[in-house]
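Got a fold on screen and want to know where its labels come from? Let's go through a few of them, one at a time.

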Amino acid sequence: MNKYMKLAIKEALLGMKNNDGGPFGAVIVKNGEIISFAHNEVIKTNDPTSHAEMEALRRASGKLSRFDLSDCEIYSSCEPCPMCFAAIHWAKIKTLYYGSTRNDAANIDFDDQYIYDVIKGTAKELQVKVLQINREECLEPFRKWKLKIDRTQY
């Protein structure tokens with residue numbers, strides 16, 4: 001058993017025991033050193049983004065004082081949802097290890113298929129009405145960003 005995945009599972013079980021959220025845990029590692037670990041805290045925080053991976057990313061970024069985690073890897077007790085998968089990419093993490101699959105999660109009523117269908121454009125009904133407004137006005141910060149000399153690109 002991989003020791004980092006073992007910790008991710010331990011975190012998932014702890015979160016369940018504490019009624020913090022769903023049965024998910026994650027660990028971020030850099031050069032063999034554990035940087036952060038977390039479990040799902042959606043219920044505890046009333047924050048729908050408090051998934052284990054998101055919490056582990058926030059803690060790792062805080063501890064390392066940077067948003068680029070390209071020298072880290074992440075271990076997740078379950079295949080990440082689309083939000084977490086995107087955040088892992090935004091953090092530039094190069095390796096993701098996961099245990100159970102999204103289908104395993106769907107079998108216990110954590111089903112992300114609808115979100116995958118929306119992303120692919122194949123959803124039969126849309127839960128969120130999406131309307132574009134005020135594009136020209138919203139481009140103003142972009143124009144200023146492009147000209148900003150001291151910007152930090154990420």
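Here are some questions and answers on this predicted model.

Q: What makes the set of residues around Ile28, Leu57, Leu69 and Ile93 a nonpolar core?
A: The label asks for buried residues of types such as Leu and Ile, joined through side-chain atoms within 4.5 Å. The largest such set here has 21 residues, and Ile28, Leu57, Leu69 and Ile93 have the most contacts inside it. So those four count as buried, under 20% relative accessible area.

Q: Which elements give two or more residues to this core?
A: Strands S1 (25-30), S2 (33-39) and S3 (73-78) do, along with helices H3 (52-64) and H4 (82-90). H3 gives the most, five residues.

Q: What does Leu57 touch, leaving out residues up to four places away in sequence?
A: Leu57 touches Ile28, Leu69, Ala87, Ile88, Ala91 and Ile93. Touching means heavy atoms within 4.5 Å, so each of those residues meets that cut-off with Leu57.

Q: How many residues are in the other core?
A: Seven, among them Leu7, Ala8, Val27 and Tyr75, and this core lies apart from the largest one.

Q: How much of the protein is called buried, and why?
A: Buried residues make up 33% of the 154 residues. They get the name because each falls under 20% relative accessible area.

Terms used:
Residues are numbered from 1 along each chain as its sequence is written. This is a predicted model: local features need pLDDT of at least 70, side-chain atom pairs count only at pLDDT 80 or more; totals for chains, interfaces and linings use all residues. Side-chain values use heavy atoms; hydrogens and water are left out. Buried means under 20% relative accessible area, exposed over 50%, partly exposed in between (1.4 Å probe, protein chains only). Helices (H or I, at least four residues) and strands (E, at least two) are DSSP runs, numbered from the N terminus.
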